[in-house]
Amino acid sequence: MSATGSPNLATNSEKAARYLARFRESPLGHFINGKPAEGRSGKRFTNISPLNNEPLGEVAAGDARDIDDAANAARAAFPAWRDVPAAKRRALLHRFADLIEKRAEEIALVESSDTGQPIRFMNAAAARAAENFRFFADRAPGARDGLALPAEEHFNFTLRQPIGPVGIITPWNTPFMLSTWKIAPALAAGCTVVHKPAEWSPLTAMLLAEIGIEAGLPPGVLNTVNGLGEEAGKALTEHPDIKAIGFVGDSATGSAIMAQGAPTLKRVHFELGGKNPVIAFADADLDRALDAVVFMIYSLNGERCTSSSRLLVEHSIAREFEARLQARLSTLRVGHPLAPETEIGPLIHPRHRDKVLGYIEVAKREGARVLEGAAVAADLAAGNYVRPFAFIGARNDMRIAQEEIFGPCLTVIEFADETEAVALANDVRYGLTAYAWTRDVGRAHRLARRLEAGMIWINSENNRHLPTPFGGMKASGVGRDGGDYSFDFYMETKNICIALDTHKVPRLGG
Ligand code: NAD
């Protein structure tokens, strides 16, 4: 403990080691039909720690047979789960949320150790996950109500019913929170789930499955199969009993999943990559804009789909903004993710670190200037730590402006006026989020109409409100989550038309 009584690095590390011991001692398997399962093939892969690249444990590399076992369990559990009265389902999902909150410390420490995400952000992981469950739990009773659409001689009404067993495939960046964002509405809708967590950060998905059983989910309602994307993930997307795939990850993987799911006509929902612009106009509140720009690219290690990774800055304020950015960069705290003061932890994997660092050479070759932030302490050399950096004087046609880097790295591009700012913002294959800073209300509304992004924040960092639609345009996604949008994906809408017996029924023959 620190002098103030709040946990410090030593106490966090000691507790994390205790929570992680089980994963070191025995291999992490699957969770199928309400209980742990080892996996049919016996094949495993090693999960390494981003802090030092030492093994955190062995993980079962699930294959098509494990997916089949999980899909069978989800199919068998579906009719009873579908028919659980809504009030009971709501109570059960609230209990799920209570138990997530009860294990908040464990979830935060395991998540931080497995992903390298700083504990200051992961401390909120359980609370946000619990909120996802509570939000959709409260909406479960109304989820099946549809519209009344009366016509002159008929009465039409619509019902929504859960689509069936669904597959959820998640990425490694903030796995616990993200998984609950997909799984909570599926369960609230009455679907059963097979979850395939990311192979680079699989640990907290098992905690989630365990909590589900403790909360009283019937066996088979939430199943987890670990494994590699090309094997376990692919088999899930191809399984005929899985009616829909909710996927969060890379745009290229989204394309693959669409193709893999085509023979079984899979319904798909994709939350994919981004290269999101933040536009700083000269009339903006620059103090607030700078805070938001820095927060939205350097928090969560920059491993964030909604990060503002392209700063478009108006010529007249560009020098001042860059100078202030550079000063801030040098004060960012890179360090051990379990240290409470750390703002940037190690990146998930050496392969990802090399990819991110590779963009420094790309930037130099392309003619941009590299601003380097706070250095990495020598005692952290074994981990995947990188210093934060920014590319100044970039052009929008450079790779550093077009490709998702997914690290603590900002690309800065100047613009002359609003027309050019919008053109630059939209000249990219992605369309997840856009941020703009201006005090001109008319311009704010014009930007809102013209920017090609599923979510736009004006004078704000990414501020989430669960009822609002979440998702991207272009290569950033297909479909929306949030509020009723999530239920629409996990449910079938059925129209029922009942005649008042007043209309003339066409008569053929005698
Ligand atoms: P990824 O696409 O490599 O992997 C995501 C998941 O897909 C993993 O579980 C992986 O095993 C699985 N997978 C891989 N190949 C598969 C296949 N052929 N069939 C089925 N499943 C397969 O993505 P990642 O590197 O884990 O995550 C980073 C990406 O996720 C970034 O592009 C980021 O922008 C995106 N992301 C998007 C959002 C969003 O809401 N839009 C949120 C977080 C992350």
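## Position between the domains

The shell around the ligand draws residues from both domain 1 (9–272 + 476–494) and domain 2 (277–458), and the ligand therefore lies between them. The model is a predicted one, and within it the space that the ligand takes is the largest pocket.

## Composition of the shell

There are 28 residues around the ligand, and those that come nearest are Lys 196, Glu 199, Thr 253, Leu 272 and Glu 404. By class, the residues of the shell divide into 14 nonpolar, eight polar and six charged.

Among the elements of secondary structure, helix 9 (229–238), strand 10 (244–248) and helix 10 (251–261) each supply at least two residues of this shell.

Glu 199, one of the nearest residues, places a polar side-chain atom 2.5 Å from an oxygen atom of the ligand, while a polar side-chain atom of Trp 172 lies 2.8 Å from a ligand oxygen atom. At Gly 249 it is a backbone N or O atom that lies 3.4 Å from an oxygen atom of the ligand. Taken alone, the ligand exposes 850 Å², of which the protein buries 90%.

Terms used:
Residues numbered from 1 in each chain as written. Predicted model: local features only at pLDDT ≥ 70, side-chain atom pairs only at ≥ 80, totals over all residues. Heavy atoms only, no water. Near = heavy atom within 4 Å. Polar contact = N/O pair within 3.5 Å; in protein donor to acceptor, adjacent residues only side chain to side chain. Areas by Shrake-Rupley, 256 points an atom, 1.4 Å probe, with all protein chains shown as cover. 1 Å grid on protein atoms, 1.4 Å probe; cavity = no way out; pocket = protein on both sides within 12 Å on 5 of 7 lines; lining within 4 Å. Sits in = over half its atoms within 2 Å of the grid points. Helix = DSSP H or I, 4+ residues; strand = E, 2+ residues; numbered from the N terminus. Nonpolar A, V, L, I, M, F, W, Y, C, P; charged D, E, K, R; others polar. Domains from an automatic or database assignment.
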